[in-house]
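Please take a look at the model shown here. A short report on its chains follows the display.

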Amino acid sequence: MSGRWLIRRLSTNAVVLFAALVVNFALPRLMPGSPVDRFAGGAKMSAEARDALIERFGLNAPLWDQFWRYLAGTLQADLGQSFAYFPQPVSELLLRALPWTLLLLVTSLVLQVGIGYLLGATSGWHAGSRLDAGLQTLSLIFFSTPLFWVAMVLLYVFGFQLGWLPLSGAFTIGLDAGLAVRVGDVARHAILPIASLTIAQYASYQIILRNNMVGVLQEQYMLMAEAKGLSDRTLKHTHAARNALLPVVTFLGVSLAMSLTGSVFVESVFSYPGLGKLMYDSVLSRDYPMLQGCFLMFSLVVVAANLLVDIAYWFLDPRITY
Amino acid sequence: MRNSAARWRLIRLAACIVVVIIVAGSACTEVNPRRLDIGWSESPQAGLNPFLARNEGDYLFLGLIYEPLCMPMMDGSVEPWIAESWEFDADRNEWLFHLDARARWSDGTPLSADDVVFTFETIYQGDFPMGSTTKAFVKSVEAVDAQTVRFAMNGGFAGALSLLGGTLIMPRHVWAEVEDVAQHQNAMPVGSGPFVLEEFQPRSFLHVVRDADYWRGAARIDEVVIRVFLNLEAEVVALMKGELDLMPDLSGSEALIPPLEEDANVEVLIDRWPHIFYLAPNHRVDPWGRKEFRQAVDLALDKQAILDTSLAGFAEMPLMGYVPPLATKWANPSVEWRGVGMTEAERLAAANGLLDDLGLARDDAGLRQTSDGEPLAFTVSSLTYPSYIRAAELAKESLAKVGIELTVQVSDPETLYGGIVFSGERSLDWQLLVHGSTLHPDPDHFAREFAPVPPNPWDNAVAFGWEHEGLQSLLRDSRTEMDDTRRQQMIQDAQALFAEELPVITLGHRLHPAAHRTDKFMGWNPAKIIYGGMVHPLGSIVNLLSLEPI
Amino acid sequence: MPSRRSDRVRERRRRYLRRFARRRTALLGLAVVGVFVVASVFAPYLAPYDAASRVGEPFGSPSWEHWLGTNDIGVDVLSELMFAGRISMMVGFLAAGAIIVLGTAVGLVSGYFGGAIDEALMRVTDIVLMLPRLPLMIVMAAYLGPGIWTIVVVYSSVGWASVARQIRSQVLSIRKASFIEASRGIGTGHARMLREHVLPNVLGIVVANGVMELMFAVLAEAGLSFLGLGDPANKSWGVMLYFAQIQGAFLRGAWWWILSPGLCIALLSCSVAFIGTAINDSLSPARAGR
């Protein structure tokens, strides 16, 4: 067991990031129409203004030249300026949005694993029973319901009709209060977005952990003979929990990417000021540098998460060699 | 088992903490009762740099911090602001603005003529959008003394006062140190307005607090917050729940108005607006270049249905002369749509008659054809706005009844406007367009768009491929006509010709709905209509200054 | 030889089918999909009204004339749903089809030839798999402009990778089977080999994947349309939701207008998922548990 596996994973991640950069560079140049038209956003523009823009973005330089300039800029965290919010640098807007998305994401992932474990273990314990079938069906139903629609329904019920929770944003603006109240305020604003994300995405964990439990039970017969005196339930839980660790860690990377996707919908329904809303906003205002910046940031988050997962895996499972 | 018991205890503890936090949070989410919360559904584009201001939101946000020379009113009159008075010579070649001596910036520096000169020079040098309409007419701007500014014009410019006067004035002593104005974020704005910046989060909110030393007398409300909503329903509900006090612009979400009207604490105001909603044909595409064909189409369209559905009825029936009825001084009321007062059968019969006379006979399926046997089937292009799409769909329904087939095609603005219609290239790539725009109350834009000098691809006449010597020279002359009565006559005559010629087929004029709560502030004064940037009067600074907490 | 092989394949297929038919949820799923397909395909004959004309009061609640009420301009929601189903399912089938063709081709070639080809193809596949899917689709769709084809192109260009991976690993396991090595020994051509020996053995996985991709494609179409990247002139269920949200269906109390397209999407994709899991389970019975 060596570092080779880890190095290989690292290089794959680096290549993915590079691919994201290439996609970002190539897309505006491959698509019909000139990138300059997109800058103008459909506004009426004179020929001189057009030439000035081409000059400014260096669009008449050779393609390789443009690419190197783009790459160098990106490495210095210069992602250009937002079209719609012109003087604002894209990177600054991205960094401001990132913590909000991470808050939603991490909380929701913890809940997804928790709920997934609870339901999955139950379902697997009673494998083949009606309860099992019911829980599985339920998870499939949630899994196949559009996330934005779940968010809309939650917003309607808890925000509009019952009025329990705030309708939009991440905090109350200009709230003059102590830390505890501020934290509570942020928590209240995050409940519905987190709930929508969790409902729509816990299913995969349930299925993974159910299968895990089924496996544990099959082993159980052998264990039973040796471990007399331990209660059935305890054995199940400690053993199952230990066994669940690896599949859950393996799946975390995939699941994070899915939740990231979900954040676009959730944040746009709840006007939550994270990366997803930024992306939706950029779609509406056709803010192309911002849109690409968001894509890059999403890629970065996915790659970072995968790295963490890989490292965790490396520690957890000494058998890995590649 | 010890282990699992401990785990349960931990889980229970965590749950308790969460509950306590949430309860604490919900218990004290009170904010200052003297704070005005405004809902806005589109973020401003310029951030805090007024030189880059482009749309209504920019003026709504920036109008709290910066001020113009004067406030042009909806009815055409003009209210003094930084400039307490103005004068001009007989041929209007020279304008003098006399500044109010009390005016000062929020950092205490007095506002002087130098600031005004600096503002206009910067705008013209940098070609910023704020000055795009006046640049060609202004020869020079200079300070006569600390309180007087002189504008020298290149010949007469009929729309000068309302266009020059509406420009936001910037402090020289702050901006002179800025290296590149076009790149400046202006994170700590110094303005002359009644509010100063507290916090700004792009795309989320703007929070300003009252300037206690404001030169015209401090506002009676303490703070103003403008919140940006992506979800219009959530915005309307926030108003109904009292999280918001004012929604200055409900257009585009007309379907949400009825529930607001039922709310006892909310007042909905529907105002007329200088908006025009029209179908623009490409005159290069046969037979759209023929006047009689356009007239037939105009008659066949069920405009009432279009306005009732695409704008939920919040619209006025059209005046066909391109000047919206709101501009009472300029609009020619006699050019109303010819279909008014006719039944559908009468309209269709008249339209069919015109089409038959053009020799566009129907085939077996009822579809008309040109004399070359080409079927009359066209594509109507629309942006992705639901109101445009609904209008295009209804136009399709109407024209099908006279044997003209339309296909609705949806596009984004870059492709449709930037890449095709207004680009000067690919001019044959489109056939019919649903379009709407908010006009300036002064009819200078009418002449500029339909009789451009020099002709530019981004002016309507050129983009639509339309020419008419008589009408266009009349419009050109009106731009430099300094006598108000004669200018009025020319504009009215031009409208009569326009309604006959139909370079574009007007569908109607959108009304402007706005809503505000009546239980938190009093002094809402919508009668005092101000046309600041383009925002609704309720959101204008003049109105906010008159508000008083209950 | 060939006849015996096809017998074996046919027998295996029969076994899958028997196992599949034992799953009640799968049959239910099939029934629902069937109803949806019939309702959409025959919408012009079955729908009570034309989906483009205003036939009732705006925001009319469900009644005998309009079972699912009407929308903001008075179009019958049930009829609109039936016509919209055509677009949604068409996009779904087209995208799933494209993904399957692309993914299977890449997976087959990669697994069958191995070596440098395999290495290169799988590298690309890994990258596509790891790039965040929806953001990539959003960026592409924003550049391509609104349209049905945009969605199909965008979705299939990112969706093929996971299929390719699965097909490849299946091919790898088959390659080890002796009969392929044997036929190779007697000099069978690559094309014939792929067609006669490899493809039939991965068909099960192809079908299972295709079914799941159909579900993902329908969901993706709805999502992109909801974000305003769909084609508002061609109403799909996602576009209906887009309109319903913008026109304030909830606030106007028109729950029928916003719930029914959502339920249609959920019901269709859920049924498809039932079918998909059943196929998967009948391919590998061990996973199904007791």
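## Basis and conventions

This is a predicted model, in which local features need pLDDT of at least 70, side-chain atom pairs count only at pLDDT 80 or more, and totals for chains, interfaces and linings use all residues. Residues are numbered from 1 along each chain as its sequence is written, chains are lettered from A and ligands numbered from 1 in the order in which they are written, and side-chain values use heavy atoms, with hydrogens and water left out.

## Chain B: fold and dimensions

Chain B holds 17 helices and 23 strands. Helices (H or I, at least four residues) and strands (E, at least two) are DSSP runs, numbered from the N terminus. The C-alpha trace spans about 85 × 85 × 45 Å along its principal axes.

Of the 550 residues in chain B, 58% are buried. Buried means under 20% relative accessible area, exposed over 50%, and partly exposed in between (1.4 Å probe, protein chains only). Among contacts in chain B with a separation of 6 or more, 69% join residues 24 or more positions apart. A contact means heavy atoms within 4.5 Å.

Chain B exposes about 20,700 Å², and carbon and sulfur atoms supply 51% of that area. Accessible areas come from the Shrake-Rupley method with a 1.4 Å probe; for residues, only the protein chains shown count as cover. Chain B carries 44 positive and 78 negative side chains. The centres of the two sets lie 5 Å apart. Lys and Arg count as positive and Asp and Glu as negative, while His and the chain ends are not counted. Each charge is placed at NZ of Lys, CZ of Arg, CG of Asp or CD of Glu.

## Chain B: confidence

The mean pLDDT of chain B is 85, and 92% of its residues score at least 70. pLDDT is the predictor's confidence in each residue, from 0 to 100. Among the elements of chain B, helix 1 (residues 2–27) has the lowest mean pLDDT, 62. Helix 8 (residues 291–300) of chain B has the highest, 95. Where pLDDT is low, the predicted coordinates should not be read in detail.

## Chains A and C

Chain A has 12 helices and 0 strands. Of its 322 residues, 52% count as buried. Residues 24 or more positions apart make 74% of the chain A contacts with a separation of 6 or more. The accessible surface of chain A is about 13,900 Å², 68% of it from carbon and sulfur atoms.

Chain C has 11 helices and 0 strands. Buried residues make up 57% of its 290 residues. For chain C, 70% of the contacts with a separation of 6 or more join residues 24 or more positions apart. Chain C exposes about 12,100 Å², with 65% supplied by carbon and sulfur atoms.

## Local backbone features in chain B

Most residues other than glycine have a negative phi, and most peptide bonds are trans. The bond from B:Asp286 to B:Pro287 is cis, with omega near 0°. B:Pro287 sits in the loop between strand 15 (275–281) and helix 8 of chain B.

B:Ala312 has a positive phi, near 50°. Its loop runs between helix 9 (303–310) and strand 16 (315–316) of chain B. B:Ala312 is partly exposed, at 35% relative accessibility. B:Tyr322 also has a positive phi, near 75°. B:Tyr322 lies in the loop between strand 16 and helix 10 (344–357) of chain B. At 0% relative accessibility, B:Tyr322 is buried.
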